[in-house]
Amino acid sequence: MVSYKFAQSFRLPAVRVSKLLCLAVVFAALGWVPLGRGQNQQGQSSPPPSGQQNQQQGAGDAGGPEGDLGPIAIPKKKEESPKPDVAPPKPKPVENMPNFSISVNVPVVTLDVGVVSKDGLFIPGLKQENFRVLEDGVPQNISSFNVTKAPITAVMLVEFANNDVFYGFSYDSLVASYTFAQTLQKDDWIALITYDIRTRILQDFTQDKNAIQGALGLIHPGLALSQETNLFDALYDTLDRLEGVEGRKYIVLVSSGRDTFSRINLDQILKKVQASKDITIYAIGTGQALRNYLQANGGLRYLCPITDFSCSTTYAQADNQMQSFAKMTGGRFYAPLFEASFRDAFLDIGQTIRNQYSISYRPTNRAQDGSFRKVKIELVDGAGQPLKIRDQKGKDLKYKIVAREGYKAKQQVE
């Protein structure tokens, strides 16, 4: 009996102990402690250990929200330094797409100036300070100056039509063409074009004098295809062709100067000639001897159609047109009467175009408005007075300045 009671009295405390142990484990897991252990004798809470205090302060500093078990720590974001400004990337080039750029070019005007005597001989020995350039009356500063002596690039534009009964014009055209061909040098580039109602290229640019002579053999008086002389159309077309050729170019125009059936008028061809660049026209008037003979004998009317009011006026206008073409481009007009006069004319042309002074300047008027600028060349001495040139005998030598009258400024859109 004693043993059985003892066993019962022992079991109850064992069960209670096990329950107490379970509660202790739960409290430990929840971090609770008994109130008596967490307070001091004055009833105030004792501070936590230093390690726990730092942890709590660290959690509070983190700025996290309060939870059932204390503050929930959230890591602070690092303060990032401001990013430097980065230029946007350049667009990638598109295939087959051209690159465009904007630039402003200061124009440079280059003039070929011939200074010749009354006999057509080139006058050498002049210096830069002897030249004065005026553009629209305003003096310009010369930026470069050279004496040029170089081969020529020229087109012989020859009138070949059945426009007269006596073949005087066609004959003069042949004499002039053959004479010019004989004055050519081995490095010269020459082309031959004829015209009546339309233009025909008999010989493209060549340095072979024999090729030019052979092309001239195709011209026979009276065998032209038309009696019309479309001078304006032929000259306009030749200027167009020469614009694609680099360097200084010349047109030796052998013509009566009459235009009978062109599509364009005189005003249009004058504007085209005026706007031409690096092209000089030397004009040879044909039929001068025949015209003088018929004028003296009252037969000039046979050279013009019956619709012309005055044949003499018609040919006077023709000469004026040829003079205008030459003067506007810095060339000269010749009206030879005899065969020897043709040779003198072409020797004069050769002297002028093979020996020239090249002058360049930057115009003070920078406006790109497409306007025409008049240019005047003067020869001056050290004091700015007109230059006097003397020959070997000490006599004053008359001279002529051969240069174009001006140029057309570029348009801003060009």
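1. In what order do the 6 strands of the open sheet run? The order is 9-8-7-10-11-12, and the pairing is mixed. The edges are strand 9 (199-206) and strand 12 (333-334), each of which pairs on one side only. Keep in mind that this is a predicted model.

2. Some overall figures. The protein has 414 residues, and 38% of them count as buried. It holds 10 helices and 16 strands. Take the contacts with a separation of 6 or more: residues 24 or more positions apart account for 80% of them.

3. Strand 11 and strand 12 run parallel and are joined by 2 bridges. Ala283 has Phe333 in strand 12 as its bridge partner.

4. Next, the nonpolar core. The largest one has 31 residues. Met156, Phe180, Ile190 and Ile284 touch the most other members. Several elements supply at least two residues each, including strand 7 (153-159), strand 8 (189-195), strand 10 (249-255) and strand 11 (279-285). Helix 4, helix 5 (209-216) and helix 10 (339-354) also supply at least two each. In soluble globular proteins, nonpolar side chains tend to be buried together.

5. Which residues does Phe180 contact, leaving aside its neighbours within four places in sequence? They are Ile152, Ala154, Met156, Ile190, Val252 and Phe346.

6. What does strand 13 pair with? Strand 3 (residues 109-117) runs antiparallel to strand 13, with 5 bridges between them. Here Asp112 stands opposite Ser358. Strand 6 is also antiparallel to strand 13, joined to it by 7 bridges. Lys149 has Asn355 of strand 13 as its bridge partner.

7. Aromatic rings come next. The structure holds 7 aromatic pairs. One of them joins Phe131 and Phe145: the pair is tilted, 5.4 Å centre to centre, with 45° between the planes. Phe131 is in strand 4 (residues 131-135) and Phe145 in strand 6 (residues 142-149), 14 residues apart. Phe131 and Phe145 are buried. Ring pairs also link Phe122, Phe131, Phe145 and Tyr357 into a cluster.

8. Another aromatic pair is formed by Phe169 and Tyr315. The pair is stacked, at 5.8 Å centre to centre and 15° between the planes. Phe169 is in helix 4 (residues 168-182) and Tyr315 is in helix 9, so the pair ties together parts that are 146 residues apart in sequence. Are these two residues buried or exposed? Both Phe169 and Tyr315 are buried.

9. Helix 9 (residues 311-329) checks out on length. At 1.5 Å a residue, its 19 residues should span 27 Å; the end C-alpha atoms are 28 Å apart, which agrees. Its buried residues include Cys311, Thr314, Tyr315, Ala318, Gln321, Met322 and Phe325. An α-helix has 3.6 residues a turn, so residues three or four places apart point the same way. Gly330 follows helix 9, and its phi is positive, near 90°.

10. The charged end of Lys272 sits over the ring of Tyr236, 4.8 Å from the ring centre.

Conventions
Residues numbered from 1 in each chain as written. Predicted model: local features only at pLDDT ≥ 70, side-chain atom pairs only at ≥ 80, totals over all residues. Heavy atoms only, no water. Helix = DSSP H or I, 4+ residues; strand = E, 2+ residues; numbered from the N terminus. Expected span 1.5 Å × (residues − 1). Buried < 20%, exposed > 50% of the residue type's maximum accessible area, 1.4 Å probe, protein only. Phe/Tyr/Trp six-rings, centres within 6.5 Å; stacked < 30°, edge-to-face > 60°. Lys NZ or Arg CZ within 6 Å of the ring centre and 35° of its normal. Core = buried A, V, L, I, M, F, W, Y, C linked by side-chain atoms within 4.5 Å. Contact = heavy atoms within 4.5 Å. Pairing = 2+ DSSP bridges.
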